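User: I've got a structure to go through with you. Can we take it piece by piece?
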Amino acid sequence: MTYPDYQADLAYLEQYRDDGDENVRLLEPLLAFRLSRAYRRSERLRGFLRIESAGRTRDAQQYLYDGYKRGDAGFNLAANPDRIIGSRGGFTFRGSWHMAQEDGYVYAVDLTRKPYSLSWDDAHDDLRASGLHTTVPGEPWHHQASTIKGPLPGPFPDGTTTEDEMTPELEEKLEGLATWVFNGTTMILKRLDELEQQLATTKGDDE
Ligand SMILES: [Zn+2]
């Protein structure tokens, strides 16, 4: 489900990459449409907001996960690429929102404030106006245009716009989101438990 200016929007977004190696070419069409629209309409976003993480291939996710599992230096908590996030209309989302799904697209983008003179509140005002929403509590940088429940409120390439107000439909979408966040949190807590046990064991074996 792409749209006529999709490739042009991807090319436009490349100038807003933070380090220049962020792979914006993987962004799903609605996310690319809304993010490029947000930049075009907001001078302060163009001036002070950069794309920090646009997405990674499944292989890259596997690499991060393997390194994390082995406990290699420099590897942080990374999601198992096979873990199921949720499904929508027969399509199953796996691994991480930042991992390319089986349709080849990434469904989340992490943004960063450079050089930090922009508040997240101001950034969020401009981003939400174009249909980009924070979807993970405690991560003001993480944005999506859609979730496992479908598109979040905002403009579409065909010119239609959904109202940004709480409708029963949106409530249902957010409920699904809460479930996903809960599952993610449960995974992390379980992992923390494991680490705690490992530490206890190591201490016992140690000098
Ligand atoms: Zn993120």
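User: What does serine 36 touch, leaving out residues up to four places away in sequence?
Analyst: This is a predicted model, to be clear from the start. In it, serine 36 touches Asp9, Tyr12 and Leu13.

User: Which element holds serine 36?
Analyst: Serine 36 sits in helix α2.

User: Is serine 36 buried or exposed?
Analyst: Buried. Its relative accessible area is 1%, and the cut-off for buried is under 20%.

User: Which residues of α1 and α2 meet each other?
Analyst: On the α1 side, Tyr6, Asp9, Leu10, Tyr12 and Leu13. On the α2 side, Pro29, Ala32, Phe33, Leu35, Ser36, Tyr39 and Arg40. The residues of that contact divide into nine nonpolar, one polar and two charged.

User: How do I describe the packing of two helices in general?
Analyst: By the angle between their axes and the distance between the axes.

User: Fine. What are the angle and distance for α1 and α2?
Analyst: The axes of α1 (residues 6-13) and α2 (residues 29-41) cross at roughly 55° and come within 9 Å. That angle makes α1 oblique to α2.

User: Left-handed or right-handed crossing?
Analyst: Left-handed, as α1 passes α2.

User: Switching to the metal. Which protein atoms are donors of the zinc ion?
Analyst: His98 through NE2, Asp110 through OD and His142 through ND1. They lie 2.0 to 2.1 Å from the zinc ion.

User: How are the donor residues spaced in sequence?
Analyst: The pattern is H-x11-D-x31-H.

User: Is histidine 98 buried or exposed?
Analyst: Buried, with a relative accessible area of 8%.

User: And histidine 142, buried or exposed?
Analyst: Histidine 142 also counts as buried, at 3% relative accessibility.

User: Back to that β3-β4 loop. What does valine 106 touch, beyond four places in sequence?
Analyst: Quite a list. Valine 106 touches Leu26, Leu27, Glu28, Leu31, Ala54, Gly55, Arg56, Trp97, His98, Met99 and Ala100. Valine 106 is in the loop between β3 and β4. His98 on that list is one of the donors of the zinc ion.

User: How accessible is valine 106?
Analyst: Valine 106 is at 0% relative accessibility, so it counts as buried.

User: How far is valine 106 from arginine 25?
Analyst: Their C-alpha atoms are separated by 9.1 Å. Along the chain they are 81 residues apart.

User: Buried or exposed?
Analyst: Exposed. Isoleucine 84 has a relative accessible area of 54%, and exposed means over 50%.

User: What does isoleucine 84 touch past four places in sequence?
Analyst: Thr92, Phe93 and Arg94. Isoleucine 84 and arginine 94 are 4.4 Å apart, C-alpha to C-alpha, at a sequence separation of ten residues.

User: What are the relative accessibilities of threonine 162 and threonine 160?
Analyst: Threonine 162 has a relative accessible area of 33%, so it is partly exposed. Threonine 160 is at 40% and counts as partly exposed.

User: Zooming out. How many helices and strands in the protein?
Analyst: Six helices and eight strands. From the N terminus on, the order is α-α-α-β-α-β-β-β-α-β-β-β-β-α.

User: How much of the protein is buried?
Analyst: Buried residues make up 43% of the 207 residues.

User: Last one. What share of contacts join residues at least 24 apart?
Analyst: 58%, among contacts between residues at least 6 apart in sequence.

Notes:
Residues are numbered from 1 along each chain as its sequence is written. This is a predicted model: local features need pLDDT of at least 70, side-chain atom pairs count only at pLDDT 80 or more; totals for chains, interfaces and linings use all residues. Side-chain values use heavy atoms; hydrogens and water are left out. Axes are lines fitted to C-alpha atoms, for helices over the stretch in contact, and angles run from 0 to 180 degrees between N-to-C directions. Helices (H or I, at least four residues) and strands (E, at least two) are DSSP runs, numbered from the N terminus. Angles under 35 degrees count as roughly parallel, over 145 as roughly antiparallel, 65 to 115 as roughly perpendicular and the rest as oblique. A crossing is left-handed if the near helix is turned anticlockwise from the far one by less than a right angle, and right-handed if clockwise. Contact means heavy atoms within 4.5 Å. Ala, Val, Leu, Ile, Met, Phe, Trp, Tyr, Cys and Pro count as nonpolar, Asp, Glu, Lys and Arg as charged, and the others, Gly among them, as polar. Donors are N, O and S atoms within 2.8 Å of the metal (3.2 Å for Na, K and Ca); water is not among the atoms, so sites may look incomplete. Buried means under 20% relative accessible area, exposed over 50%, partly exposed in between (1.4 Å probe, protein chains only).
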